[in-house]
Amino acid sequence: GNTLPRPRRRRVLTVANQKGGVGKTTSAVNLAAALAVHGLRTLVIDLDPQGNASTALNVEHRSGTPSVYEVLLGEVSLAEAAAVSEQSPNLLCVPATIDLAGSEIELVSMSSRETRLKEALSAEAFDELQVDYVFIDCPPSLGLLTVNAMVAAQEVLIPIQCEYYALEGLGQLLSNIELVQQHLNPTLAVSTILLTMYDGRTKLADQVTQEVRNHFGEVVLKTVIPRSVKVSEAPGYGQTVLAYDPGSRGAMSYMDAAKEVAERGAEQGVRGELS
Ligand code: ADP
Ligand code: MG
């Protein structure tokens, strides 16, 4: 296939939306897999105690496995916790185990509680891992794990489900991003919005798409991810949809979305404000 440009500097994207079930994990693993197909080395950091990204990439994540939890504690390096997926040697994952479940509370009393992931994403870690892209898959909350992800990243990618109440809660997400910009990470930008689970048979999906494009303009990817059974089946086989059914509409739309992400680069992006 055609090649995608390697970013001039490695890009770290936080995939965030405090709503559950909007396609954060699906988008993180499939965008990462699509970039890996193009030879771009990509790391997924699973920051959700549910471990769905680890499951989708079929990476060991039983309790006790070196994971993002030990990374946050400073016990292991990111490179030590990173596992190569069986799907591609270019696709790596730092898994989340159930041990992460208590960390929102454990972190509260720790020093530099907001910057622990950023510290782990050090120059040495990048030298060891040799990755071009990092996707951080956030839990469905705006707690300290998501704050760690926003502090560690340059970019936020927000998946929005083409459903009722799609924009609900976005104001809160954006004001949290603004707070992080003001206090912890001034260069953070919402670089990418991805519309997911689009159902072309419904008028509603088009209305949501229009509303999101009116609000956010350029930041919204042209590619929209369709609702597709293949996409939802893939994790059950420990695969991304790109491996599970590469010719499917879901797989091809994630390839297109990844191409857009790679081609527009890190330059573009808006600040946290809604308008
Ligand atoms: P989140 O990480 O935001 O909670 P997920 O990525 O886990 O959301 O997606 C929620 C559910 O919707 C999962 O069961 C997933 O398989 C399914 N899903 C995600 N994207 C699609 C899609 N494009 N088509 C069909 N099902 C999808
Ligand atoms: Mg998830």
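What share of the contacts in the chain with a separation of 6 or more is accounted for by residues 24 or more positions apart? In this predicted model, such residues account for 79% of those contacts. Of the 275 residues of the chain, 51% count as buried, and the C-alpha atoms fill a box of roughly 50 × 40 × 35 Å when it is taken along the principal axes. The secondary structure of the chain comes to 13 helices and eight strands. The radius of gyration is 17 Å, close to the 19 Å that the globule rule gives for 275 residues, and the chain is therefore as compact as a globular protein of that length.

The eight strands form an open sheet whose order is β3-β4-β2-β5-β1-β6-β7-β8, and the pairing within this sheet is mixed. β3 (83-84) and β8 (220-226) stand at the edges with a single partner strand each, so one side of each is left without a neighbour in the sheet. Strands of a sheet pair through backbone hydrogen bonds, in either a parallel or an antiparallel arrangement. Strand β2 (residues 42-46) and strand β4 (residues 91-94) run parallel and are joined by four bridges; within this part of the sheet, T42 stands opposite L91 in β4.

Strand β1 can be followed residue by residue. Five bridges join β1 to β5, and these two strands run parallel; the bridge partner of T14 in β5 is I136. With β6, β1 again pairs in the parallel sense, here over three bridges, and V15 stands opposite L157 in β6. In a regular strand the side chains alternate between the two faces of the sheet. In β1, R11, L13 and V15 point one way, whereas V12 and T14 point the other way, and all are buried. The strand is accordingly described as mostly covered, with five of its five residues buried.

Helix α8 (residues 144-152) lies across β1 (11-15), β5 (133-137) and β6 (155-161), and its direction makes an angle of about 155 degrees with β1. Helix α13 (residues 249-264) lies across β7 and β8, running at about 165 degrees to β8.

Ligand 1 is surrounded by 18 residues, of which the closest are K24, T25, T26, V231 and S232. At least two residues of this shell are supplied by each of α1 (24-37), β7 (189-198) and α11 (229-233), and α1 gives the most, with three residues. When the shell around ligand 1 is divided by class, it has six nonpolar, 10 polar and two charged residues.

G102 and F135 are 33 residues apart in sequence, and their C-alpha atoms are 22 Å apart in space.

Notes
Residues numbered from 1 in each chain as written. Chains lettered and ligands numbered in written order. Predicted model: local features only at pLDDT ≥ 70, side-chain atom pairs only at ≥ 80, totals over all residues. Near = placed C-beta within 6 Å. Nonpolar A, V, L, I, M, F, W, Y, C, P; charged D, E, K, R; others polar. Pairing = 2+ DSSP bridges. Contact = placed C-beta atoms within 7 Å. Axes fitted to C-alpha atoms, helices over the stretch in contact; angles between N-to-C directions. Rg over C-alpha atoms; globule rule 2.2 N^0.38 Å. Buried ≥ 20, exposed ≤ 12 C-beta atoms within 10 Å, placed from the backbone.
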